[in-house]
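This briefing concerns the arrangement of helices in a single structure. Please consult the sequence and the coordinates alongside the points that follow.

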Amino acid sequence: MLTRLLLALVFIPMLIEARLAAVNERAQFARGGVEPPGDVYAIMRVAYPGVFLAMIAEGAWWPGHEHVLAGVTVFVGAKILKAWAIASLGEAWTFRVIVRPGVQLVASGPYRWLRHPNYVAVAGELAAVALMSGARIAGPLGTILFGLLMLRRLSVEERALRAGSR
């Protein structure tokens, strides 16, 4: 039961976000958006759902270590932060790093306090699913590995944002 609930909780919003990201990506490219070299998107697009699947599978294989209430609390907070970031960026929110030269950076919503709230939210989602599933191995390992991908992506994104805002 918990396994099915976690699969729905994770992958239904992920599919909705993927659809929105695809629409926004087309809009960004149509308006002159540029995708910088060196991004790890190709790896992230597989690793992101893969880490969640690994955690949920581990929890199904080795149940009884779940911290569901703590995980739900963190997950809801992460989703609220992510929704706020998406709403604040509007059409500029995508899965890919796409920069439109000369466009001002968003400094409202959570961007008023955090440079990259979406990445904070993703880290929260990963930690939350590790807690909810009880994934003692895949949870920390997957979160660390995906965190390293996010750090690589942040360097690409920061470089692109600096170059695009000139």
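**Helix geometry and packing**

A123 is found in helix 4, where helices (H or I, at least four residues) are DSSP runs numbered from the N terminus. The model is predicted, so that local features need pLDDT of at least 70 and side-chain atom pairs count only at pLDDT 80 or more, while totals for chains, interfaces and linings use all residues. Residues are numbered from 1 along each chain as its sequence is written, and side-chain values use heavy atoms, with hydrogens and water left out.

- A123 is partly exposed, its relative accessible area being 30%; buried means under 20% relative accessible area, exposed over 50%, and partly exposed in between (1.4 Å probe, protein chains only).
- The C-alpha atoms of A123 and Y48 are separated by 11 Å, although the two residues lie 75 residues apart along the chain.
- A127 is also found in helix 4 and is partly exposed, with a relative accessible area of 32%.
- Between A127 and A70 the C-alpha to C-alpha distance is 10 Å, against a sequence separation of 57 residues.

**Helix 1**

- The 29 residues of helix 1 should span 42 Å at 1.5 Å a residue, and the end C-alpha atoms are 42 Å apart, which agrees; the expected span is 1.5 Å times one less than the number of residues.
- L6, V10, F11, M14, E17, A21, N24, E25, A27 and Q28 are the buried residues of helix 1, and they pack against helix 2, helix 3 (68-89) and helix 4.
- Just after helix 1, G32 adopts a positive phi of about 95°.

**Helix 2**

**Packing of helix pairs**

- Helix 1 (residues 2-30) and helix 4 (residues 117-133) pack at about 165° with axes 10 Å apart; axes are lines fitted to C-alpha atoms, for helices over the stretch in contact, and angles run from 0 to 180 degrees between N-to-C directions.
- That angle makes helix 1 roughly antiparallel to helix 4, since angles under 35 degrees count as roughly parallel, over 145 as roughly antiparallel, 65 to 115 as roughly perpendicular and the rest as oblique.
- The contact (heavy atoms within 4.5 Å) is made by L2, L6, L9, V10 and E17 of helix 1 and by E125, V129, M132 and S133 of helix 4.
- The axes of helix 3 and helix 4 come within 8 Å and cross at roughly 160°, which makes helix 3 roughly antiparallel to helix 4.
- Among the residues making this contact are V68, G71, F75 and A78 of helix 3 and P117, A121, E125 and A128 of helix 4.
- Helix 1 and helix 3 have axes that come within 13 Å and cross at roughly 5°, which makes helix 1 roughly parallel to helix 3.
- L2, L9, V10, P13, E17 and L20 in helix 1 meet V68, F75, K79, K82 and I86 in helix 3.

Terms used. Helices (H or I, at least four residues) and strands (E, at least two) are DSSP runs, numbered from the N terminus.
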